[in-house]
Amino acid sequence: QVQLVESGGGLVQPGGSLRLSCTASGSIFSINAMGWYRQAPGKQREWVADISSGGSPNYADAVKGRFTISRDNAKNTVYLQMNSLKPEDTAVYYCKGVVTTPQVYEYDYWGQGTQVTVSS
């Protein structure tokens, strides 16, 4: 079993910042890519950013230049620093980890989500 637990969401004013964290635990041999997705009310879940095990990031155009993804492999943790937040960033944010188990199977695991609300 592998669990991903997010934290750091909340209510912030437009232009503000938040930092999300997601830590993986359980039966892990290695973690490959880790990423963040979000789902706004009435919309499909969309990809926000991801980062390879070597630290190479990729961003959706909507967040490029405002969000920064990073990871600490020793802690099995991925972060999302969100600056210059806009009301349209309001969503439930989910992290995903591509995990290789000790049995050498690779699975996608998801966290439970954390709410980010940008409003004045």
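Author: Two strands count as paired if DSSP finds at least two bridges between them. Keep that rule in hand for this predicted model.

Reader: How many bridges join S4 to S5?

Author: First the general idea. Strands of a sheet pair through backbone hydrogen bonds, either parallel or antiparallel. Now the case here. S4 and S5 run antiparallel, and five bridges join them.

Reader: In which sense do S4 and S9 pair?

Author: They pair in the antiparallel sense, over eight bridges. Take Gln 39 as an example: its bridge partner in S9 is Val 92.

Reader: Over how many bridges does S9 pair with S11, and with S10?

Author: Three bridges for S9 and S11, in the antiparallel sense. There, Ala 91 has Val 116 of S11 as its bridge partner. S9 and S10 pair over five bridges, again antiparallel. Val 99 stands opposite Tyr 107 in S10.

Reader: What is the order of the strands in the open sheet?

Author: The order is S1-S3-S8-S7, four strands with antiparallel pairing. S1 and S7 are the edge strands, since each pairs on one side only. From one strand to the next, the twist averages 15 degrees. Look at S1 and S3 in detail. Their antiparallel pairing covers six bridges. Glu 6 stands opposite Cys 22 in S3.

Reader: Which residues form a disulfide?

Author: A disulfide is a covalent bond between the sulfur atoms of two cysteines. In this model the count comes to one disulfide. Cys 22 and Cys 95 form it, with their sulfur atoms 1.8 Å apart. The pair links distant parts of the chain: Cys 22 is in strand S3, Cys 95 is in strand S9, and 73 residues separate them.

Reader: Are these cysteines, Cys 22 and Cys 95, buried or exposed?

Author: Both Cys 22 and Cys 95 are buried. Look at S9 as a whole next. Nine of its 10 residues are buried, so S9 is largely enclosed by the rest of the structure.

Reader: Which residues of the largest nonpolar core touch the most other members?

Author: That core has 30 residues, and Trp 36, Leu 80, Met 82 and Tyr 93 touch the most other members. S1, S3, S4, S5, S7, S8, S9 and S11 each supply at least two of its residues. As for how a strand presents its residues, in a regular strand the side chains alternate between the two faces of the sheet.

Reader: On to a charged-residue name in the list. Where is Arg 66 found?

Author: Arg 66 is in the loop between strand S6 (57-59) and strand S7 (67-72). Buried means under 20% relative accessible area. Arg 66 is at 11% relative accessibility, so it counts as buried.

Reader: What does Arg 66 touch?

Author: Leaving out residues up to four places away in sequence, Arg 66 touches Gln 81, Met 82, Asn 83, Ser 84, Leu 85, Lys 86 and Asp 89. Met 82 is also one of the core residues that touch the most other members. For Ser 84 there is a polar detail. A polar atom of the Arg 66 side chain lies 3.0 Å from the backbone oxygen of Ser 84.

Reader: Where is the place of Ser 84?

Author: Ser 84 is in the loop between S8 and S9. At 41% relative accessibility, Ser 84 counts as partly exposed.

Reader: What phi does Ser 84 have?

Author: Start with the background. Most residues other than glycine have a negative phi, and most peptide bonds are trans. Ser 84 is not a glycine, yet its phi is positive, about 50 degrees.

Reader: What phi does Val 104 have?

Author: Val 104 has a positive phi of about 65 degrees, although it is not a glycine. Val 104 lies in the loop between S9 and S10. That hairpin has five residues between its strands.

Reader: Is Val 104 buried or exposed?

Author: Val 104 counts as exposed, because its relative accessibility is 63%. Contrast the cysteine pair: Cys 22 and Cys 95 are both buried.

Definitions and conventions:
Residues numbered from 1 in each chain as written. Predicted model: local features only at pLDDT ≥ 70, side-chain atom pairs only at ≥ 80, totals over all residues. Heavy atoms only, no water. Buried < 20%, exposed > 50% of the residue type's maximum accessible area, 1.4 Å probe, protein only. Polar contact = N/O pair within 3.5 Å; in protein donor to acceptor, adjacent residues only side chain to side chain. Contact = heavy atoms within 4.5 Å. Core = buried A, V, L, I, M, F, W, Y, C linked by side-chain atoms within 4.5 Å. Disulfide = S-S within 2.5 Å. Axes fitted to C-alpha atoms, helices over the stretch in contact; angles between N-to-C directions.
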